[in-house]
Amino acid sequence: MPRSNRPRRPEHVPLRSAAVTRRESGSDGDWVVRSVTGSSAAKDYRCPGCEQLIRPGTGHVVAWPADEVGTVADRRHWHTACWAARGRRRPGGRRR
């Protein structure tokens with residue numbers, strides 16, 4: 001089998017690597033939060049705050065529980081405004 005000269009990419013990049021993250025505390029617990037610029041957002045995500053799509057090219061926030069080691073399945077992509085308002089609203093944008 002021929003050898004590839006291209007460097008191999010790791011299958012999983014740890015959540016705390018590469019980008020700058022911050023830790024936030026709220027009534028819903030402690031979170032590790034990373035801001036994603038519009039130029040870095042390359043695919044659709046569903047915001048758990050409003051249940052609307054976050055389109056490619058839209059800046060947003062990625063958050064995961066701070067006490068978790070963290071896998072891709074633990075990450076949630078939120079609109080920045082939905083993340084900031086999560087303590088004042090119910091999941092899915094349903095009003096009380």
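Modeller: Let us go through this model term by term.

Colleague: What makes this a model to read with care?

Modeller: This is a predicted model, where local features need pLDDT of at least 70 and side-chain atom pairs count only at pLDDT 80 or more, while totals for chains, interfaces and linings use all residues. Residues are numbered from 1 along each chain as its sequence is written, and side-chain values use heavy atoms, leaving out hydrogens and water. The term pLDDT is the predictor's confidence in each residue, from 0 to 100. For the protein chain the mean pLDDT is 79, and 69% of the residues reach 70 or more. Over residues 9-18, pLDDT stays under 50.

Colleague: Which helices and strands does the protein chain have, and how are they defined?

Modeller: There are 1 helix and 6 strands, in the order β-β-β-β-β-β-α from the N terminus on. Helices (H or I, at least four residues) and strands (E, at least two) are DSSP runs, numbered from the N terminus.

Colleague: How do you know that strand 1 and strand 2 pair?

Modeller: Two strands pair if DSSP finds at least two bridges between them. A hairpin links strand 1 to strand 2 through 2 residues. Inside strand 1 sits E24, and opposite E24 stands W31 in strand 2.

Colleague: What else does strand 2 pair with?

Modeller: Strand 2 and strand 5 run antiparallel, joined by 6 bridges.

Colleague: Why is the link between E24 and R22 called a polar contact?

Modeller: A polar contact is a pair of N or O atoms within 3.5 Å; within protein, one must be able to donate a hydrogen and the other to accept it, and residues adjacent in sequence count only if both atoms are side-chain atoms. The side chains of E24 and R22 are joined at 2.9 Å, so the distance meets the cut-off. The side chains of H77 and H60 also make a polar contact, at 2.9 Å.

Colleague: Why is H77 called buried, while R76 is called partly exposed?

Modeller: Buried means under 20% relative accessible area, exposed over 50%, and partly exposed in between (1.4 Å probe, protein chains only). H77 has a relative accessible area of 14%, so it is buried. R76 has 42% relative accessibility and therefore counts as partly exposed. H77 is in strand 6, and R76 is found in strand 6 as well.

Colleague: Is R75 buried or partly exposed?

Modeller: With a relative accessible area of 22%, R75 is partly exposed. R75 lies in the loop between strand 5 (60-65) and strand 6 (76-78). E51 counts as partly exposed too, because its relative accessibility is 39%. E51 is in the loop between strand 3 (45-46) and strand 4 (53-54), and has a positive phi of about 60° although it is not a glycine.

Colleague: Why is strand 5 described as largely enclosed by the rest of the structure?

Modeller: Because 5 of the 6 residues of strand 5 are buried. In the protein chain, buried residues make up 28% of the 96 residues.

Colleague: What makes a group of residues a nonpolar core?

Modeller: It is a set of buried Ala, Val, Leu, Ile, Met, Phe, Trp, Tyr and Cys residues joined through side-chain atoms within 4.5 Å. The largest nonpolar core has 10 residues, including W31, V33, V61, A63 and W83. Strand 2, strand 5 and helix 1 (80-84) are the elements that give two or more residues to this core. A second, separate core of 6 residues includes V32, V36, A41 and W64. In soluble globular proteins, nonpolar side chains tend to be buried together.

Colleague: Which residues does V61 touch, and what counts as touching?

Modeller: Contact means heavy atoms within 4.5 Å. Not counting residues up to four places away in sequence, V61 touches V33, R34, R76, H77, W78, T80 and W83.
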